[in-house]
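Work through the exercises below with the sequence and the 3D structure at hand. Each task is followed by a solution in steps.

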Amino acid sequence: MPGLLLHIGSGKAGSTSLQSWLRKQNPELIRRRVHFLECPGATNQTALACYAADSGRNLRIRQRLGIGRPEVPGFRERLEREMETEVERYAGQVDWFVASSENLFLDLSSRAEVRRLAGLLTRTFDQIKVVVFLRRQDRFAVSQYNDAVK
């Protein structure tokens, strides 16, 4: 089984820029035996946080994806199948997959949610390396302020 490099950067730490670059560079990455996952989200893999968050939580990302409480079990089953299919499609072509979502940093708040995410990922990947990008708090505050006054 391949490995997964999982990026869970905090907000305002360059996650969107990294995700855009990974998406654009995916053909070159594949030539280097790395693939930026697509099924959990084309650029920001928000579906990973939707999958892992407790069913009863009312997350904005679930609302944006049209996933209400009754749809969560079906959504989880579908994502499991889609991830297995995508990984199988690239079997032999890549050694590592990459996923990135700041929602994993922002929206997962309990051990049960982290365990649920780990359960999903360990079904498919041998090795998982987690990368976290953080921003100094003073710079984060300035960035938040600048966004608010725009």
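The model is predicted: local features need pLDDT of at least 70 and side-chain atom pairs count only at pLDDT 80 or more, while totals for chains, interfaces and linings use all residues. Residues are numbered from 1 along each chain as its sequence is written, and side-chain values use heavy atoms, with hydrogens and water left out.

**Exercise 1. Find the salt bridge partner of glutamate 84 and state where both residues lie.**

Step 1. A salt bridge is a side-chain nitrogen of Lys or Arg within 4 Å of a carboxyl oxygen of Asp or Glu. Glutamate 84 meets this rule with arginine 123, the closest N and O atoms being 2.5 Å apart.

Step 2. Arginine 123 belongs to helix H7 and glutamate 84 to helix H5, so the pair ties together parts that are 39 residues apart in sequence. Helices (H or I, at least four residues) and strands (E, at least two) are DSSP runs, numbered from the N terminus.

Step 3. Arginine 123 itself is partly exposed, at 44% relative accessibility.

**Exercise 2. Which other salt bridges link distant parts of the chain?**

Step 1. Glutamate 80 and arginine 123 meet in a salt bridge, 3.2 Å from N to O. This pair links helix H5 with helix H7, its residues being 43 residues apart. Glutamate 80 counts as buried, at 18% relative accessibility.

Step 2. Aspartate 54 pairs with arginine 116, with 3.2 Å between the closest N and O atoms. Aspartate 54 sits in the loop between H3 and H4 and arginine 116 in helix H7, so the pair ties together parts that are 62 residues apart in sequence. Aspartate 54 is partly exposed at 26%, and arginine 116 is partly exposed at 25%.

Step 3. The count by this rule comes to seven salt bridges. Glu28, Arg31 and Arg32 are linked in a network of salt bridges. In general, side chains of opposite charge can pair when their charged atoms come close.

**Exercise 3. Describe helix H5: its span, its buried residues and what covers them.**

Step 1. H5 covers residues 72-89, 18 residues in total, and reaches 25 Å from its first C-alpha to its last. That is close to the expected 26 Å, where the expected span is 1.5 Å times one less than the number of residues.

Step 2. Buried in H5 are Val72, Phe75, Arg76, Leu79, Glu80, Met83, Glu86 and Val87. Seen down the axis of H5, these residues fall within an arc of 140 degrees, so they line one face of the helix. The arc is that of the directions from the helix axis to the C-beta atoms.

Step 3. The cover over this buried set includes strand E2 (34-36), helix H3 (46-52), helix H4 (60-65), strand E3 (96-100) and helix H7 (111-124).

**Exercise 4. Which residues of H7 are buried, and which exposed residues does the face turned away carry?**

Step 1. H7 has 14 residues and reaches 20 Å from its first C-alpha to its last, close to the 20 Å expected.

Step 2. Glu113, Leu117, Leu120, Leu121 and Thr124 are buried in H7. They fall within an arc of 90 degrees seen down the axis of H7, so they line one face of the helix.

Step 3. The face turned away from the buried side carries the exposed residues Arg111 and Arg115. Among the elements covering the buried residues of H7 are strand E1 (3-7), H5 and strand E4 (127-131).

**Exercise 5. Locate valine 132 and list its contacts beyond four places in sequence.**

Step 1. Valine 132 lies in the loop between E4 and helix H8 (137-149), and is partly exposed at 40%.

Step 2. Leaving aside neighbours within four places in sequence, valine 132 is in contact (heavy atoms within 4.5 Å) with Ile8 and Phe105.

Step 3. Phenylalanine 105 is found in helix H6 (residues 102-107).

Conventions. Buried < 20%, exposed > 50% of the residue type's maximum accessible area, 1.4 Å probe, protein only.
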